[in-house]
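Reader: Please show me the model. I would like to go through its helix packing and its pocket.

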Amino acid sequence: MNDGKLNWYYYNPNDGPTNRVICHYMRLDYLLQLLETNKLYAKRRRENNDANEGYYKKYLEFGFSVADQIAVSYAENPKRNLTYKDIVDCPISCWTKTERESYLMWKSYAGETGVRIKSSIHKLIASLQLDLGKEGVDKVYCGSMNYCKNFLPSNDEEKQFFSKDEVYADEDEFRFYFVMSDDIDRKNTSHLIPIVPNIMIDEILLSPFLCKDAANKLVRMIKCSYGFENVEQSKIEIK
């Protein structure tokens with residue numbers, strides 16, 4: 001699905017077919033940046049505000065090996081072990097498998113003027129334009145988050161990436177991890193992932209908190225400037 005450009009790629013087969021719809025709530029400026037530059041904003045895991053992620057930043061001070069049966073090779077480069085820096089510093093992109101709009105996700109992740117983009121697992125993977133050695137990404141891991149009570153970091157290869165405390169279960173999250181090359185500058189709080197927007201995006205919804213006039217103007221601008229036809233305002237009614 002990525003034309004063999006990545007060193008390692010992992011997708012959990014238990015997550016089912018890759019044509020499953022996923023949605024991403026984001027700020028408007030991140031969408032415009034994506035459409036202008038063909039790059040998806042991905043915050044480093046250590047910058048995530050979830051207390052769940054803070055456990056890794058505070059306690060996870062040892063390395064992990066990736067089992068042979070977990071990774072699928074897309075190149076001949078030797079497998080590199082995951083380290084503490086990989087796990088904490090890698091950029092992440094968080095999506096939800098819930099296609100129904102969520103008032104709480106609008107408020108928490110998109111804000112008053114944000115957007116929600118709809119894609120599928122397969123289309124997002126197909127849209128990645130990662131060229132090993134040039135974009136700073138060695139591996140991509142993606143999968144559904146598993147939710148458990150009193151979550152703590154684990155040395156299990158899947159749990160380290162795909163487990164969260166059960167208090168976040170309503171997010172029904174599907175997450176992408178971009179494990180960085182050793183020589184990449186880790187001081188930055190985020191990384192821009194090259195993608196093809198027309199492949200990735202099926203639909204763009206504008207925030208329900210926008211006034212109708214502003215929303216209509218944004219719809220026209222996105223359609224005219226970027227060629228996306230499936231753009232409209234959220235159907236949630238704010239009273």
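This is a predicted model: local features need pLDDT of at least 70, side-chain atom pairs count only at pLDDT 80 or more; totals for chains, interfaces and linings use all residues.

Author: Residues are numbered from 1 along each chain, and side-chain values use heavy atoms, without hydrogens and water.

Reader: Why are α1 and α8 called roughly parallel?

Author: Helix α1 (residues 28–37) and helix α8 (residues 212–226) pack at an angle of about 15 degrees, with axes 11 Å apart. Angles under 35 degrees between N-to-C directions, on a scale from 0 to 180, count as roughly parallel. The pair α1 and α8 is therefore roughly parallel.

Reader: Which residues make the contact of α1 with α8?

Author: L28, L31, L32, L35 and E36 of α1 meet L218, M221, I222 and Y226 of α8 (contact: heavy atoms within 4.5 Å). By class, eight are nonpolar, none polar and one charged. Leu, Met, Ile and Tyr count as nonpolar, and Glu as charged.

Reader: What lines the largest pocket?

Author: The largest pocket has a volume of about 620 Å³. Of its 24 lining residues, H24, Y25, K43, C94 and Y109 are the closest to its centre. A lining residue has an atom within 4 Å of a pocket point. The lining has eleven nonpolar, six polar and seven charged residues.

Reader: Which element gives the most to the lining of the largest pocket?

Author: Strand β5 does, with five residues.

Conventions: Helices (H or I, at least four residues) and strands (E, at least two) are DSSP runs, numbered from the N terminus. Angles under 35 degrees count as roughly parallel, over 145 as roughly antiparallel, 65 to 115 as roughly perpendicular and the rest as oblique. On a 1 Å grid over the protein atoms alone, a cavity is a set of points where a 1.4 Å probe fits but cannot get out, and a pocket is an open set with protein on both sides within 12 Å along at least five of seven lines; lining residues have an atom within 4 Å of a point. Grid points are joined across faces, edges and corners, and a volume is the space filled by probe spheres set on the points.
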